[in-house]
Amino acid sequence: MYSTREEIGTNEEGDLIINIGPQHPSTHGVLHLVVTLSGETIKKVEPHLGYIHRSIEKMCESLNYRQFIYSTSRMDYLSSHINNQGCALAVEQGLGIEVPARAQAIRVLMAELTRLASHQLWWAALAMDLGAITPFFHAFRERELINEIMEETCGARLTMNYSAPGGVMYDLHPNFQARVKSFITEFKGKIDEYDELVTGNVIFQARMKGVGFISREDAISYGCSGPTARGSGISSDIRKVAPYDGYDKLQFDESLETAGDCFARYLVRMREMRTSLAIIEQLIDSIPEGDFQAKTKAVLKLPKGEYYSRVETARGEFGVYIISEGAMTPYRIKYRSPGFSNLSALDHMSRGAKIGDLVAMMGTLDLVIPDIDR
Amino acid sequence: MNKEELKTKLAELLPALPADDTSTWLSLPIDASELLSVMPLLRKELDLDFMFCVTGVDWKTHFSVVYHLTSTKDRSTVLVVKAKVADRENPSIATVCDIWRTAEFHELEAYDFFGIVFTGHPGLRRLFLPEDWKGWPMRKDYSDPVNMITL
């Protein structure tokens, strides 16, 4: 029998304090939340991080400008290509390298395929967290097709390491275009199936609508980006507001919702899958001919100064901040990870909600723990 | 607002503090003691409502905290505020998390790795490292002969 307050696990006010994670299926990694509960109502959520912190920023201080890019594949492993792209852009900014049109197109194609694969996994995991097992198998079936395309061209399925300063590592595989086209045809039918299976489901909507609300002002103040911010009506897509790698030449719309709840964030991501498909369709038949990498020196030295590049990953705004002292290695590197800022809003959006809804909120924030821990 | 317009606007707003335009974005070097007089003004007058990055930097003789600010109303306006924390022994700077809530987490990160104390922060704690961790790992003079490999 428990008798003291410490044994039962309550604080002075009689609120129950429970630990969710670090080993909990719905945290998708090792996230540790200390939740203060009054009955079933959440009073406070305090994240404790660092279970897989590898100090990639410190590690990068001893890696040169060709090497450091590849450590970022291990951060947000679902957007690894886009992370690599962000790093390559920062180095190119420092050296003033002009990236060939072909390399830009290849990077954009790969980035959109990555975004699709990431959103598929998010959709699968979210539905599973809310009790629907079947969507997981549906999404993984299509995700496998993307992983195979990646494997063929990049040699890896998740940690692609495909971007390099000046372009990409090697040219596209001869099968690439045909495979991507057959994937598009297949996935177009499947995404309608996704909507039929989950989006219109009454139980699913009841779990999402009005849950995890964050207002536009609060989302800005908490530094939210990506679909989390766009669900609250903030135009924040870096592909639109600060275009890179030729996104300004492409036709696509930023998906915005204004409700600010879990369902709004869900709808934004579902629409983004269609947007990514449209971008791939625009580019796949018109990949420019030419070099896939600009000529660069064997040893790269960034001039003394500061460089910052921003890209839109599947989770939001990813920033690479390089401070160079003119040496072969960076003096300081800071990665602005989207998940870190989005997670900080979790406490705010969950206060007053029921503990059972916390899983839906975490699901729609689309947290990837290595991205937060770095 | 582009870089030139922002520079003119800043010169009107803060005539005593010269801006630096050697990088892609305009930056404003200030001293840590001036932070609380500068930041609310930038938030209010220039509408810089979105803080997207906070970085601690160890310059060996001193620290600096770099704030990247932009506006959600006009995304072309970007300002980088660099606050110098001169005291290396007891580094401290005021918190700005009552202006931008996102700073709360970012400041915890800078505290955890650099030992920069953010005065007025609602819950300064080790965010990544265990509570009993000794030292500040991202500082340039940090050494851990057991776990660190130097190349």
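What follows is a short chat about a predicted model.

Biologist: Ground rules before we start?
Modeller: This is a predicted model, where local features need pLDDT of at least 70, side-chain atom pairs count only at pLDDT 80 or more, and totals for chains, interfaces and linings use all residues. Residues are numbered from 1 along each chain as its sequence is written, chains are lettered from A and ligands numbered from 1 in the order in which they are written, and side-chain values use heavy atoms, with hydrogens and water left out.

Biologist: Start with the sheet in chain A. What is the strand order?
Modeller: The order is β1-β2-β3 in chain A, an open sheet of three strands with antiparallel pairing. Strands are DSSP E runs of at least two residues, helices are H or I runs of at least four, and both are numbered from the N terminus. Two strands pair if DSSP finds at least two bridges between them.

Biologist: Which are the edge strands?
Modeller: β1 (16–20) and β3 (41–48) of chain A, each pairing on one side only. The twist averages 20° from one strand to the next.

Biologist: What packs on that sheet?
Modeller: Helix α15 (residues 358–365) of chain A, which touches β1, β2 and β3 of chain A. Its direction makes about 145° with that of β2(A). Angles run from 0 to 180 degrees between N-to-C directions, with axes fitted to C-alpha atoms, for helices over the stretch in contact.

Biologist: And how many bridges join β2(A) to β3(A)?
Modeller: Seven, with the strands running antiparallel. A:Leu33 stands opposite A:Pro47 in β3(A).

Biologist: Switch to helices. How do α7(A) and α12(A) cross?
Modeller: The axes of α7 (residues 176–199) and α12 (residues 262–284) of chain A come within 10 Å and cross at roughly 160°. They are therefore roughly antiparallel (over 145 degrees). Their contact residues divide into 16 nonpolar, two polar and six charged. Nonpolar covers Ala, Val, Leu, Ile, Met, Phe, Trp, Tyr, Cys and Pro; charged covers Asp, Glu, Lys and Arg; the others, Gly among them, are polar.

Biologist: What is A:Ser341 in contact with?
Modeller: Beyond its neighbours within four places in sequence, the contacts (heavy atoms within 4.5 Å) include A:Tyr222, B:Thr102 and B:His106.

Biologist: Over to chain B. Why is β2(B) largely enclosed?
Modeller: Because nine of the nine residues of β2(B) (residues 50–58) are buried. β2(B) pairs with β3(B) (residues 63–70) in the antiparallel sense over eight bridges.

Definitions and conventions: Buried < 20%, exposed > 50% of the residue type's maximum accessible area, 1.4 Å probe, protein only. Parallel < 35°, antiparallel > 145°, perpendicular 65-115°, else oblique.
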